[in-house]
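Dear colleague,

Please find below the structure that I am handing over to you. A summary of what was found in it comes after the structure itself.

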Amino acid sequence: MSRKKKELPLIENVEITDIAAEGKAIAKIDDMVVFIPYVVPGDVIDLKLTRKKNKYAEGKPVRFVRFSENRREAFCEHFGICGGCKWQILPYSEQLKYKQKQVVDNLTRIGKIELPEIQPILGSEKTEFYRNKLEFTFSNKKWLTLEQIQSGETFDNMNAVGFHIPGMFDKVLDINKCWLQDDISNRIRNFIREYCHEKEYTFFDLRNRGGLMRNIIVRTSTTGELMLIVIFYDNDRVQREDLLNAIADKFQEITSLLYIINEKANDTITDQIVLTWKGNDFIFEEMEGLKFKIGPKSFYQTNSEQAYNLYKIARDFAGLTGNELVYDLYTGTGTIANFVARQAKKVVGIEYVEDAIEDAKFNSSNNKIENTLFYAGDMKDILTEDFISEHGRPDVIITDPPRAGMHDDVIKTILFANPERIVYVSCNPATQARDLSLMDEKYKVVKVQPVDMFPHTHHVENVVLLEKR
């Protein structure tokens with residue numbers, strides 16, 4: 001006989017008091033911390049618990065008793081459903097306050113190291129339409145909102161183009177207008193959807209593996225160039241070419257129209273052949289007269305304008321005079337390496353992805369930069385004591401690792417390399433704090449500058465300067 005799951009209680013008049021590191025708000029009930037989405041400090045709610053553990057619980061608001069004074073109306077029609085931009089209900093000044101707090105809390109609580117005064121966070125001038133890349137998914141399993149279900153309307157067409165619903169791998173929310181990327185992105189997506197509906201093209205069925213339309217990726221740049229990658233599942237030449245021609249005719253702004261036929265189980269395109277339908281197979285981004293080539297698989301910071309500010313801070317922290325040997329770890333397409341090369345004697349960049357390293361080499365050559373060297377491979381395998389003996393002991397190391405931070409072996413080699421200064425750029429202050437504590441015996445943190453790259457989300461970048469003790 002199966003036991004019925006215990007119904008968790010409804011708790012009335014709960015005040016939201018804070019925001020946690022991962023972006024959810026916090027309430028305290030007795031000694032228990034409850035994490036709640038889509039509320040802000042100062043809100044008073046009736047709270048339904050959805051999950052309960054020994055030391056914490058999760059819940060959702062079922063009624064607002066009183067709204068906080070620090071609350072604003074969400075401007076996106078898809079807010080609360082698509083799972084993105086969860087902080088739209090917080091004024092931007094409040095968002096920055098909590099991001100600053102997140103950096104301070106992580107460095108002090110996890111790092112447990114001596115810190116200088118942390119500089120005020122550098123906000124993003126653009127808080128809407130700031131991204132240069134978005135990916136949209138096609139699905140024949142549209143997510144229906146509660147309002148749609150309760151409307152009594154019959155939904156014959158369950159095709160959708162948009163974003164995956166969090167926790168629902170095969171459900172996609174049909175997006176009308178997204179505020180993250182230039183509006184050309186909305187116009188392209190909506191045109192393709194309407195064209196496909198009119199021509200009765202099939203949308204991807206993730207469970208049963210079938211359908212023509214799978215994904216689109218839109219990339220824009222500050223140079224005005226525009227890349228569209230259309231990813232198909234079924235290999236139907238006539239339908240594919242008709243669609244690509246229609247897109248090319250409608251959107252003369254597209255300078256790079258590419259396509260992929262991806263018949264494998266997952267959406268990643270890193271191992272796929274990219275074919276050019278019209279224009280170039282790349283676009284350019286520009287900073288201080290330097291041009292950076294961006295291909296369909298290239299990584300580039302997704303907020304171009306704020307990336308420029310981030311790189312200027314990293315360069316300033318590096319304190320270059322023109323005589324330094326610089327190692328740029330996790331160099332990607334060599335953006336930071338090429339950006340600082342004019343102020344350095346030599347820059348050596350290391351990155352795992354081979355295609356990215358080819359882009360980095362091209363970017364040096366194209367910008368007539370002759371004092372860079374790039375290597376592809378796993379950081380802990382490439383950056384060794386032998387590598388340092390061969391290439392020289394760096395005066396400055398710049399490191400910009402993924403969210404997981406740096407491998408212990410990499411940190412040991414950095415300590416062996418013994419540079420005068422380390423500039424640590426991080427998209428995750430928690431793992432950054434952990435790594436800083438491992439270097440604390442030998443290096444002292446002397447500058448900290450948080451940077452907001454992603455308005456309306458809890459994500460925050462942080463740049464730290466370490467100097468030898």
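Predicted model: local features only at pLDDT ≥ 70, side-chain atom pairs only at ≥ 80, totals over all residues.

Residues are numbered from 1 along each chain as its sequence is written, and side-chain values use heavy atoms, with hydrogens and water left out.

Overall fold. The protein has 11 helices and 22 strands (DSSP runs, H or I of at least four residues for helices and E of at least two for strands, numbered from the N terminus). Its radius of gyration is 24 Å, close to the 23 Å that the globule rule gives for 469 residues, so the protein is as compact as a globular protein of that length (taken over C-alpha atoms; the rule is 2.2 Å times the number of residues to the power 0.38). Along the principal axes, the C-alpha atoms fill a box of roughly 70 × 65 × 50 Å. Of the 469 residues, 52% count as buried (under 20% relative accessible area, with exposed over 50% and partly exposed in between; 1.4 Å probe, protein chains only). Of the contacts (heavy atoms within 4.5 Å) between residues at least 6 apart in sequence, 64% join residues at least 24 apart.

Domains. An automatic or database domain assignment divides the protein into domain 1 (10-71), domain 2 (94-127 + 303-468) and domain 3 (133-287). The centres of domain 1 and domain 3, taken over C-alpha atoms, are separated by 36 Å.

Helix H10. This helix spans residues 408-417, and its buried residues include Val410, Ile411, Ile414 and Leu415. Just after H10, asparagine 418 adopts a positive phi of about 60 degrees.

Alanine 74. This residue sits in the loop between strand S6 (56-66) and helix H1 (92-111). Its relative accessibility is 26%, so alanine 74 counts as partly exposed. Not counting residues up to four places away in sequence, alanine 74 touches Phe79, Gln88 and Ile89. Its C-alpha atom is 9.1 Å from that of lysine 86, 12 residues apart along the chain.

Phenylalanine 232. This residue lies in strand S11 (residues 226-232) and, at 0% relative accessibility, counts as buried. Leaving aside neighbours within four places in sequence, its contacts include Leu212, Met213, Leu243, Tyr259 and Ile261. Asparagine 338, 106 residues apart from phenylalanine 232 in sequence, is 35 Å apart in space, C-alpha to C-alpha.

Yours sincerely
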